[in-house]
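Work through these exercises with the sequence and the 3D view side by side. Try each task before reading its solution.

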Amino acid sequence: MAGRRPRHADEMAGRRPRHGEDIAGRRPRHAGRSAGVSVTDLSRRLSSGGVAGDPAFAPTPGRRRARRSSGTVRRAATVLAAVVVVVATAAAGTVTALTKTVTVRVDGSSRQVTTMAGDVAGALASAGIRLAQHDAVAPAARAPIAEGSVIVLDRGRRMTLVVDGNARTLWTTGRTVAAALAQAGVQVGRHDTLAPAAQAPLTDGQRIVLDRARPLTLTIDGTEHRVWTTATTVREAMARLGRRADEYRLSADRSRPIPLTGLSVTATTLHTVTLTNGVGRPATVTTTAGTVADLLAERQITLGARDLVSPPAGTDLADGMTVRIVRRAVTTIAHTETVPQPADREILDNLLEQGTRSVVLQGHPGVALVSQTVTLTNGSVTAVGKTTRSVVTPAVAGVVHVGTAPQLEWVGNQVYTHDHTYGVNWDGLAMCESTHNPRAINANPSAGLPTYGLFQFDLPTWRSVGGTGNPIDASPAEQLLRAKMLYQKRGLSPWACAYAAH
């Protein structure tokens, strides 16, 4: 082959094939077949040893094969080998130019990634990293990258943030509790409590509990306590101080929320005591009073001058104590008593017919007031003092006149006295005045006024000696009695028949 002149001298001269020609200088029947092979594909195929069998490099079917000598075939093979070397070298250079090494930092951990991708998302995909919705990546996912680029990826984590009992769900790329709170715009005060701790690593689904501290001024029985507390109510705050809110009277409601700005509360210890006031039933009392005296003032109980209280008023109160009040008083008890009526006083009266009685004064019993000084203890008499008696209405004895005059004698309608009292002949006087007739009437006496009865009384004279009504309606004994009374006053002058009385 070395001595033979090539059929196509330009093959040996290194001439480039014309457009549309194959490497042997011939135009292929389908010129577009080889033109559609890219350098990259060629490189890939060369590297895999697939050129000889690749249809792109196969001879056109149906064409009459040119006769070649064995030398010609060898020359063609030599030229083709040279072309393959050139193409493979070009493809390798292209791959080398597209490949780059970048640094991918995921949650602070870095690694080197070699990739042919042109942007951040492609580089992450080359590293087997998939972006989630809440992840943060810098530069942005579609930003271009170059050799030596640094890609920072912070994974999104879901957390539950509970502030003072109020929960909410947040997403964060913070890797610690402190970073997550900072992203959420939550500041932690010096006295606040936080769990987990601020520097603890944050895991996906982490629950973070933040209790904010509040200033509380609690004055208990006069002693002031200033504290910071994360309790949200007065009751809870006192419980954390080891105090039961129900044991105190508070200036604020037990369930009142404590604001972040703080709260002042006054607490007074409650005591449960039993209180007995005099004869009243024992009562269970809940009080903030410090002493027995304070309890009495709180209950508006006033002690009398003689009242007693046990224990004494200055005693400090304690739970379960019994306070007794003994009511003592000295008073006067008064009542009335009947003073018996004295026996009637009898007076012998010779003006009255013998055997007759005349009540001159009606007697009656008297009334006395009896007073007694007593000491009462809880309403019962425990001591009796001096008793005094005073007469309110004196008792009066009756006065009765007992007649001693002789017995009157009736003869028909005439009455005879047989009486000479005071030396007067009363029968002689009666005979002259009325002829012994106790019903006699003189309607037209010379003296002027009508006269009546045994001794002929006119009505004014009858009344002057205590007579009532008309003398003729009175008994003969009364008429005699009134005549004797008139005689005691005026003698015999009232009678015209006075001469007959001698």
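**Exercise 1. A positive phi**

Is His436 buried or exposed?

Solution. This is a predicted model, in which local features need pLDDT of at least 70, side-chain atom pairs count only at pLDDT 80 or more, and totals for chains, interfaces and linings use all residues. Residues are numbered from 1 along each chain as its sequence is written, and side-chain values use heavy atoms, with hydrogens and water left out.

Step 1: Buried means under 20% relative accessible area, exposed over 50%, and partly exposed in between (1.4 Å probe, protein chains only). Step 2: apply them. His436 has a relative accessible area of 4%, so His436 is buried. His436 sits in the loop between helix 9 and strand 25 (441–442). Helices (H or I, at least four residues) and strands (E, at least two) are DSSP runs, numbered from the N terminus. Step 4: check the backbone. Phi of His436 is near 65 degrees, a positive value in a residue other than glycine.

**Exercise 2. Cis peptide bonds**

Find the peptide bonds that join Ala138 to Pro139 and Ser310 to Pro311.

Solution. Step 1: the bond between Ala138 and Pro139 is cis, with omega about 0 degrees. Pro139 belongs to the loop between strand 3 (136–138) and strand 4 (150–154). Step 2: the bond between Ser310 and Pro311 is also cis. Here omega is about -5 degrees. Pro311 belongs to the loop between strand 15 (308–310) and strand 16 (322–326).

**Exercise 3. The largest nonpolar core**

How many residues does the largest nonpolar core have, and which elements give two or more residues to it?

Solution. Step 1: define the term. A nonpolar core is a set of buried Ala, Val, Leu, Ile, Met, Phe, Trp, Tyr and Cys residues joined through side-chain atoms within 4.5 Å. Step 2: count. The largest one has 22 residues; Trp426, Phe455 and Trp495 are among those with the most contacts inside it. Step 3: assign the elements. Helix 9 (426–434) and helix 11 (476–490) each give two or more residues to this core. The largest share, four residues, comes from helix 11. Step 4: inspect Trp495. Leaving out residues up to four places away in sequence, Trp495 touches Trp426, Leu429, Glu433, Phe455, Ala483, Leu486 and Tyr487. Contact means heavy atoms within 4.5 Å. Step 5: look elsewhere. Apart from this core lies another, of 15 residues, including Tyr248 and Ile258.

**Exercise 4. Salt bridges**

How many salt bridges are there? Trace the partners of Asp107, Arg142 and Asp246.

Solution. Step 1: apply the rule. A salt bridge is a side-chain nitrogen of Lys or Arg within 4 Å of a carboxyl oxygen of Asp or Glu. The count comes to 16 salt bridges.

Step 2: Asp107 pairs with Arg157, their closest N and O atoms being 2.8 Å apart. The pair links distant parts of the chain, 50 residues apart: Arg157 is in strand 5 (residues 157–163), and Asp107 is in the loop between strand 1 (100–106) and strand 2 (109–115). Arg157 is buried at 11%; Asp107 is partly exposed at 21%.

Step 3: Arg142 pairs with Asp119, the closest N and O atoms being 3.4 Å apart. Asp119 lies in the loop between strand 2 and helix 5 (120–126) and Arg142 in the loop between strand 3 and strand 4, so the bridge ties together parts 23 residues apart in sequence. Asp119 is buried at 18%, whereas Arg142 is exposed at 68%.

Step 4: Asp246 meets Arg235 at 3.1 Å, N to O. Asp246 is partly exposed at 42%, and Arg235 is partly exposed at 39%. Arg235, Asp246 and Arg254 are linked in a network of salt bridges.
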